[in-house]
Amino acid sequence: MTAGPVQNWFGSITSSPRQVVEVTSVEEIVAVLTDPQRYPAPVRAVGSNHSTTACGVADDGTLVVTRKMDRILEIGEDTVTVQAGALYIDVNYELRKQGLQFFVNVELGNLTIGSACCGGTKDASMPGEFGQIASYAVGVKMVLPDGSLLEVDESDPDLLQAVRSSYGLFGIVYEATFRVRKLAAMSLRHEKFTFEEFAARLPELQARGDSMMMYINPFRDTITIEFRRYREAASTSRLSEWQWKLRNYVWSHMAPLYGYQVTRLVPWRRLNSALIDFYNGLIVFALTRVIKGRSTLPQAQQILYPPVSDNARYTFSIWAFPEERYLEALRAYYDLSLEHYRRTGYRINLLSVGYRILEDQSSLFSYSYDGTVITFDPVSTGSHGWDVFLREYNTLCSDLGGTPLFNQTNLLTRSQVVGAFGDRLETFERFRDRFDPDCRLMNGFFRELLTPGSPS
Ligand SMILES: Cc1cc2nc3c(=O)[nH]c(=O)nc-3n(C[C@H](O)[C@H](O)[C@H](O)COP(=O)(O)OP(=O)(O)OC[C@H]3O[C@@H](n4cnc5c(N)ncnc54)[C@H](O)[C@@H]3O)c2cc1C
């Protein structure tokens, strides 16, 4: 259809495909994949293009945009079947009308179903549940590179496990079915700790069984934990949303806009840092004093970001650590943040976050494959110095035995990926050879990270 550079939502990654095709049907996807003359490789599907890495880049190839395939096909008693381009938030609010909800309510409402079923996601695990959306994908339909159609479901668990991590490298997803759950009232509250308090109380906090998401400020030594749990027996007829709306407005708009303006307008380092921490302190105050509720609507956690980002945008990165080694890793992250600031003058200008996610082997590249993990994720307006910081963050996290996500951890190296996933890479490559022997779907980003012999 059209061609030209396409950027990810944040504007940090540019893709220069020769063809950009906005597909509206399965037949159109088949037509693209079976005509290599007109639609050159690599053929990469994208949804909302919110990834912070080049996982969806199709340089010199063909970009397949799925957003126009957005129909909800069926809502069952405990499943929903949707086309690949639908937005997660739209489906979640439709589920609400039927007294249902997704298990995992990631903050990003713009996430598309296609990415959700075959890529990495994270939200703090609710008690006894997974924190990765793909783990609830129980049926995936794809167009393979040769134009044939493949349906994968729970009858082939090994293949389904690989498909849930396939990032469009086996085929282009056109439809997916997710297991969903009964809508439930969600309680929400926050508590603030110092590192030492958090370290002393972590076993007790884990034993509470609540979900735990954290706002972390290494510069002021504050760890503010969001605790959530379902109140299964409570009525769902009047669930409150204002708490999430306020949190979402501050988190997705006010905080990044403030961080951007302070970084731009205040070059004096000490004042700049003081202003950032003053604002971060206000956010923590509001979280602990105001943002709480006994019966909130789970869907209201999700944010629909504007289609084109503005100065209120932010970016982030992520690594996950076995929870038994988390304190050591978090201490090292504190040290890196402070030491890097002293050495270079660069500091992350928004609150970092962290998620506790339960053990999960449902997908091959699950970052909690070997046990329950907790993450620490720097968040930034992407000001000058961010990429340099990220490379040091990646080195630290890899040395500490962490695990990254291909669509959310930027600037990875092959050796870091090998360190994190080991033998699982070979298993993945065996599946990929089976479905895409000619590497029609393979781009430079994945070639470098997944293929043996690539530079480390
Ligand atoms: C502001 C912001 C907030 C965020 N918050 C969260 C959060 O709270 N939790 C979280 O988990 N993530 C979060 N993310 C990250 C985001 O969820 C992931 O990057 C996700 O992949 C984005 O979805 P997308 O539809 O934009 O996918 P894209 O970026 O378009 O694609 C992601 C990958 O999936 C592949 N793909 C997409 N569609 C298909 C398809 N139909 N068939 C085959 N392959 C396909 C692409 O090729 C690519 O490799 C956030 C990102 C931003 C920018």
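Lysine 182 lies in strand β12, which spans residues 181–182, where strands (E, at least two residues) and helices (H or I, at least four) are DSSP runs numbered from the N terminus. The model is a predicted one, in which local features need pLDDT of at least 70 and side-chain atom pairs count only at pLDDT 80 or more, while totals for chains, interfaces and linings use all residues. Residues are numbered from 1 along each chain as its sequence is written, and side-chain values use heavy atoms, with hydrogens and water left out. Not counting residues up to four places away in sequence, lysine 182 touches Gly99, Leu100, Gln101 and Glu232, contact being defined as heavy atoms within 4.5 Å. The charged end of arginine 181 sits over the ring of tyrosine 230, at 4.0 Å from the ring centre; a charge is taken to sit over a ring if NZ of Lys or CZ of Arg is within 6 Å of the ring centre and within 35 degrees of the ring normal. Arginine 313 likewise lies over the face of phenylalanine 10, 4.9 Å from the ring centre.

Valine 104 is found in the loop between β8 (100–101) and α3 (113–118), and its relative accessibility of 3% makes it buried, a term for residues under 20% relative accessible area, with exposed meaning over 50% and partly exposed in between (1.4 Å probe, protein chains only). Apart from neighbours within four places in sequence, valine 104 is in contact with Tyr88, Asp123, Phe130, Gly131, Gln132, Ile133 and Tyr136. The C-alpha atoms of valine 104 and glutamine 299 are separated by 9.6 Å, although these residues are 195 residues apart along the chain. Threonine 112 also lies in the loop between β8 and α3 and counts as buried, with 2% relative accessibility. Its contacts, leaving aside neighbours within four places in sequence, are Gly47, Ser48, Arg67, Ala84, Gly85, Ala86 and Leu87. For threonine 112 and serine 48, which are 64 residues apart along the chain, the C-alpha separation is 6.4 Å.

A search of the whole structure finds 30 aromatic pairs, where rings of Phe, Tyr and Trp (its six-membered ring) pair if their centres lie within 6.5 Å, and planes under 30 degrees apart count as stacked, over 60 as edge-to-face and the rest as tilted. The rings of tryptophan 9 and tyrosine 305 form an edge-to-face pair, because their planes stand at 70°, with the centres 5.3 Å apart. Since tryptophan 9 lies in the loop between β1 (6–7) and β2 (14–15) and tyrosine 305 in the loop between β16 (293–296) and β17 (315–316), the pair ties together parts that are 296 residues apart in sequence. Tryptophan 9 and tyrosine 305 are both buried. The pair of tyrosine 167 and phenylalanine 406 is also edge-to-face, with ring centres 5.9 Å apart and planes at 85°. Tyrosine 167 is placed in the loop between α4 (157–163) and β11 (172–179) and phenylalanine 406 in the loop between β22 (403–404) and α10 (414–421), so that parts 239 residues apart in sequence are tied together. Both of these residues, tyrosine 167 and phenylalanine 406, are buried, and ring pairs link them into a cluster that also includes Phe170, Phe365, Phe421, Phe428, Phe431, Phe435, Phe445 and Phe446.

Helix α8 (residues 326–344) packs with helix α9 (residues 386–399) at an angle of about 150°, their axes being 11 Å apart; axes are lines fitted to C-alpha atoms, for helices over the stretch in contact, and angles run from 0 to 180 degrees between N-to-C directions. In this packing, Ala332, Tyr333, Leu336, Ser337, His340 and Arg343 of α8 meet Val388, Phe389, Glu392, Tyr393 and Leu396 of α9.

With regard to cysteines, the structure holds 0 disulfides, a disulfide being a pair of cysteine sulfur atoms within 2.5 Å. For cysteine 55, the nearest cysteine sulfur is that of cysteine 118, 9.5 Å away. Cysteine 55 is buried, at 8% relative accessibility.

In the backbone, the peptide bond from alanine 41 to proline 42 is cis, with omega near -5°, and proline 42 is found in the loop between α1 (26–33) and β4 (43–46).
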